[in-house]
Amino acid sequence: MEEIDSAEKRLNELGYKQELRRKMTLFKTLAISFSTMTLFTGITPLYGPSLLYAGPATLVWGWVIVSFFTWFVGFAMAEICSSFPTTGSLYFWAAHLAGPKWGPFASWCCAWLETIGLIAGIGTQAYAGSQTLQSIILLCTGTNKDGGYLAPRWLFLCMYMGLTIIWAVLNTFALEVIAFIDIISIWWQVIGGLVIVILLPLVSLTRQSASYVFTSFETAPESTGISSKPYAAILALLVSQYSLYGYDAAAHLTEETKGADKNGPIAILASIGIISLFGWAYILALTFSIQDPAYLFDTSNETVGVFVPAQILYDAFYGRYQSLTGAIILLFIIWGSFFFGGLSITTSAARVVYALSRDKGVPYSQIWRKLHPKHKVPSNAVWLCAAICILMGLPILKVNVVFTAIASICTIGWVGGYAVPIFARLVMKEKNFNPGPFYLGRARRPVCLVAFLWICYTCSVFLLPTYYPITWNTFNYAPVALGVGLGLIMLWWAVDARKWFKGPVRNIDNIIPNIKV
């Protein structure tokens, strides 16, 4: 008789039967988690604005500071993941940790925050991937100074939609296909990251001094409208706060991972460690390789001054070899990271929608919880996420701050979803918690407290205006979008959902009695 997997046994104790295929190894789960965080996708699009806000020192040391606090969030989530190895992950955790009285409301808030964050996360990858592709096309056809083709808004939107649809198509196939692609992704990012981190400073004709990189603090009120140094420093950290999350992807796959009560926490913490190290190295490589800081933001430069990493790559390779080939190749490596990241986030988003639909928390849930009859993946949920993501991208045709808004919505929703189960774990009685193999013991209160406060701070700063004076072109409309969206969700709860939504719905009747959850 085949021995039951320890995570499957725990899943049955929690009231769920095994429906998804449990075939993924630790390495495959780590690959998807790592790909969701990605090395380039967080840093690359926000590197330029963060450098402009407060100069290189705040950007470089800000990554270290944010990485430090991210470990607290990671340890808190790893402990909970070890105890609750379910696909519903965050909202399932919130429901059980908050207890029978507050559990339904906690899981409702957590589920919708996470859903909003993940779907917006697909949009951030599609937008940044399109921006990178726009720069690749520009350099392949010349440059801004030599008649190169800069994709207009309508074509940019088509690229955005095309990437979203491709990710949805790939996610319609068996999970093994996605896992295989994500294994390629982890090597793509590790090898590609090493190539960029090592090659870029070597190719650059000149390199900035260590004093400039590690100690230079420069604001640019003439460009940003921000003269307050503390405020500028806070905004400069946004690139790190936007980059260092997504490690919960391992938790979304726990019902498909062998030994998930052990391998889930390992994948979460390993992802944080790898990204913390490689991300800092990537920031240092870009910053040391800057040729002329002021020229990076000049709208008459070769890359139109809108995509700073592309200009750094151009200056390095064209300055030494009088050729654009090296810059185009490295931009393609970066674009590949966006592609793999978007694919992984689509996988995670679909799993969350599937889990919430399974518990009847989404309108027409009977449609979105259906699995593909052959591949056993939530294909309907995949296409729902893709459709919403495409709708979020339509303002690209008219609005200049789409990425800022989508990135803010993504971060607040995604990271905000972490806060609910962590806070519930912080205040619950220890006797009511059934620990898994990874257990913090007495350290759980200080760890959870620091993690919760850091999440609250992170969500707050993403609501701030990022440019002054505030106009329609500079307005960060994330607070309005989130306010309306979350307001409607809370209204739905107050008027109707609280009467029937009870959180995770068990689908096994013969539950082992007296199980602590």
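Start by selecting Phe 501: at 1% relative accessibility in this predicted model, the residue counts as buried. Trp 108 belongs to helix H6, while Phe 501 is in the segment after helix H21 (478-500), so the contact ties together parts 393 residues apart in sequence.

Across the structure, the count of aromatic pairs comes to 37.

For another of these pairs, jump to Tyr 242 and Tyr 245. How far apart are the ring centres here, and at what angle are the planes? The centres are 6.1 Å apart and the planes are at 70°, so this pair is edge-to-face too. Tyr 242 is buried at 3% relative accessibility, and Tyr 245 is buried at 5%.

Next, the charges. There are four salt bridges in the structure. Select Arg 425 and Glu 79: their side chains form one, with N to O at 3.0 Å. Arg 425 is in helix H19 (residues 402-427) and Glu 79 in helix H4 (residues 56-83), so the bridge ties together parts 346 residues apart in sequence. Buried or exposed? Arg 425 is buried, at 0% relative accessibility, and Glu 79 is likewise buried at 0%.

Stay on Arg 425 and show Phe 433. Arg 425 lies over the face of that ring, 3.7 Å from the ring centre.

Now move along to Glu 430 and Arg 444, a salt bridge whose closest N and O atoms are 2.8 Å apart. Glu 430 is in the loop between H19 and helix H20 (444-461), and Arg 444 is in helix H20, 14 residues away. Glu 430 is partly exposed at 26% relative accessibility, whereas Arg 444 is buried at 4%. Display Glu 79, Arg 425, Glu 430 and Arg 444 together: salt bridges that share partners join them into one network.

Last stop: Lys 145 and Glu 302, a salt bridge at 3.8 Å, N to O. Lys 145 is in the loop between helices H6 (99-140) and H7 (153-172), and Glu 302 in the loop between H14 (260-288) and H15 (308-321), so the pair ties together parts 157 residues apart in sequence. Colour by accessibility here: Lys 145 is partly exposed at 49%, while Glu 302 is buried at 9%.

Technical notes
Residues numbered from 1 in each chain as written. Predicted model: local features only at pLDDT ≥ 70, side-chain atom pairs only at ≥ 80, totals over all residues. Heavy atoms only, no water. Helix = DSSP H or I, 4+ residues; strand = E, 2+ residues; numbered from the N terminus. Buried < 20%, exposed > 50% of the residue type's maximum accessible area, 1.4 Å probe, protein only. Phe/Tyr/Trp six-rings, centres within 6.5 Å; stacked < 30°, edge-to-face > 60°. Lys NZ or Arg CZ within 6 Å of the ring centre and 35° of its normal.
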